Amino acid sequence: MEISQLYIYPIKSLREVAVPEAVLTSTGFQYDRCFMLLKVNQNDDGVETLQNMHVPHFPEMSLFLTDIVFPTEGENNGKIIVTYRPPGVKDNGNPQVKTLDIPLKPDVQGLEELTVTMHQSPTKGYHMGSKYNDWFSQCFGYKVVLVYLGPHLRRVLGSFPPGKSQAHREQVTPLVSKRSVTVLALLSLLLNISVPLGQRDITSFIIFVLMTTTVAVLMALGANRYGAGGGKTKEERITFADTAPYLMISETSVDNVSARLAGDETMDLRKARPNIVISGAKTAFEEDFWAELMVGEKIRLLLTANCIRCQSLNVDYMTGKMRTGDSGNILKKLMKDRRVDKGARFSPVFGRYVFLDRDCENASIRVGEEVTVSRRVEERTTYAIIEFIFTFIHNRAVIMSEFPPSSLQPLVQEVFELLKAKKETISVAETAAGGLISASLLSVPGASAVYKGGLTVYTLESRIAFAGWTPAHLETYNGPTPAIVAQMADHVRHTLGSTYTVSESGTAGPTGGTTRNRTPGYVAVAVSTAHGTYTREVETGSNDRQKNMVTFAEESLKLLKDVLVGKANL
């Protein structure tokens, strides 16, 4: 096997730069994804917010080509050349084609700092100013901001770092033995239960138990900051890349995907947005089981996690839209047999995330270099979010300090009183709200008089098990719609025998798709009754996941209230 192609993406989600060689660093190729674009959204109250731009959500980003003029030795004269080619334009001599030069390493003195959060991992960036913003805004047709990362970096979360990946964690000895962890967990529990509940706040008690138990569990799992070769290392950091410094794909697997397309169509491997492409693998997708690669004799690459795929595979680079025909259904074709990651059962896997062995920092990698698999694993790695537990506990602690959330409290009480007065009952089928509707209804004393039961059918698998879906529903599923929530509401109402069922399904964010119903902040809600099913669509305009979850619950309860008082229309 050998390295067949190398790519750098100087501006996140714009087009790639093919290079014959690149400098490897622990945070990615030098100059990779050090810039990104943010869309400027204006709320109803006139306040502007910034939204991360990613090519599956903004496919028009594929119309921007990039090139890098590397700096001469000892100079800071490198630059990125961005070329905008409108849809259908192939000739760079066309007057519609526009170009912009951006310093590869801008002088950040005097530039405004912004906070950028990707996948719950925040960092700082520098606002590049009107010269660049105006050019991009004119090309896109809406306001955008160009941000430069500078010296800042982001934490790598979840199971992606080598020290937290199943493929590499097993190679090191935990700092704390299982016996010690067991003792710690028991001591934590004894300390927690030694004080009578009546002498302290129940919410604080629950949070404290969760936190101390979680610490013990994380230690048992070996979630310390290890290097794959043993011993402690620095915490892994990345640029504006999604979740890891490098993405690797195999040409043999690309050929397998091309064979699924009709006629002479082939998959453009650049749509997988890899950094490293390897040719010569014997079988398609054997990279699922690669743990370590050697490039030449000295460069060691650590493969830690599967790349869970999205709509970027379906983007048409000529039109800046989702492609039609077979090439526009690559994601769907992969769904048939590539949903192989147990941690992401309803998304296909294609490619592996890669980290650099720390001893190889600043080494150069070249097209044509030999690649060998130095270690394999027997089972595929599993996507996990251990790192997010602490964030989850913190956020739940904030919510639990005022539960239900203040925006839901009057609605919940009013709905409860209306149902009680009518001697009627309610059941719930929710997805993106994550159980918040049921929990809010059950927070009212005496809820058992009106509440018949509820489901949180977040995954497609759970909808087959509990919401009346069949495998045929999966084949035609294209995101939440009023028809889908109406069907779920009707099924649950008949199953539980309640007077009403309220149901919701939406896209909480922070990421989503390109269609309206997969844009962060979209939700469809329904209320099923004996005389018909009411539906409503709402768009919050926000990609804040937790705020959207609360709003989705709020909109569901609002529709239920309108039905109860006779204000809703079928």
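Guide: Two strands pair if DSSP finds at least two bridges between them. Strands are DSSP runs of E, at least two residues long; helices are runs of H or I, at least four long; both are numbered from the N terminus. This is a predicted model, where local features need pLDDT of at least 70, side-chain atom pairs count only at pLDDT 80 or more, and totals for chains, interfaces and linings use all residues. Residues are numbered from 1 along each chain as its sequence is written, and side-chain values use heavy atoms, without hydrogens or water.

Visitor: How many helices and strands does that give?
Guide: The protein has 13 helices and 27 strands.

Visitor: What is the strand order in the open sheet of 8 strands?
Guide: The order is 2-1-15-14-20-17-16-22, and the pairing is mixed.

Visitor: Why do strand 2 and strand 22 stand at the edges?
Guide: Strand 2 (17-18) and strand 22 (371-376) each have a single partner strand, so one side of each has no neighbour in the sheet.

Visitor: How do you know that strand 1 and strand 2 pair?
Guide: Count the bridges. There are 2 between strand 1 (residues 2-8) and strand 2, and the two run antiparallel. That meets the pairing rule. Tyr-7 stands opposite Ala-18 of strand 2.

Visitor: What packs on the sheet there?
Guide: Helix 5 (residues 251-258) does, touching strand 1, strand 14 (246-250), strand 15 (276-279) and strand 20 (349-356). Its direction makes about 60° with that of strand 14. Such angles run from 0 to 180 degrees between N-to-C directions, with axes fitted to C-alpha atoms, for helices over the stretch in contact.

Visitor: What joins strand 1 to strand 15?
Guide: 4 bridges, running antiparallel. Leu-6 has Ile-276 of strand 15 as its bridge partner.

Visitor: Why is strand 1 described as mostly covered?
Guide: 5 of its 7 residues are buried. Buried means under 20% relative accessible area, exposed over 50%, and partly exposed in between, using a 1.4 Å probe and protein chains only. Across the protein, buried residues make up 51% of the 570 residues.

Visitor: What makes Ser-438 count as buried?
Guide: Its relative accessibility is 9%, so Ser-438 falls under the buried cut-off. This serine lies in helix 9 (residues 436-442).

Visitor: Why is the link between Ser-438 and Tyr-451 called a polar contact?
Guide: A polar contact is a pair of N or O atoms within 3.5 Å; within protein, one must be able to donate a hydrogen and the other to accept it, and residues adjacent in sequence count only if both atoms are side-chain atoms. The side chains of Ser-438 and Tyr-451 are joined at 2.7 Å, so the distance passes.

Visitor: What makes Tyr-500 count as buried?
Guide: Tyr-500 has 8% relative accessibility, so the buried label applies. The residue lies in strand 25 (residues 500-506).

Visitor: Which other residues of helix 1 are buried?
Guide: Among them are Tyr-132, Trp-135, Phe-136 and Phe-140. The buried residues of helix 1 pack against strands including strand 4 (35-42), strand 8 (98-103) and strand 11 (144-148).

Visitor: What makes a set of residues a nonpolar core?
Guide: The members are buried Ala, Val, Leu, Ile, Met, Phe, Trp, Tyr and Cys residues, joined through side-chain atoms within 4.5 Å. The largest core here has 56 residues; Ile-11, Phe-64, Phe-136 and Ile-365 are among those with the most contacts inside it. Its largest share, 5 residues, comes from helix 1 (residues 130-140). A second, separate core of 33 residues includes Leu-411, Val-415, Val-428 and Phe-552.

Visitor: Which residues is Phe-136 in contact with, leaving aside neighbours within four places in sequence?
Guide: Contact means heavy atoms within 4.5 Å. By that rule the partners include Ile-11, Leu-37, Phe-64, Ile-102 and Leu-146.
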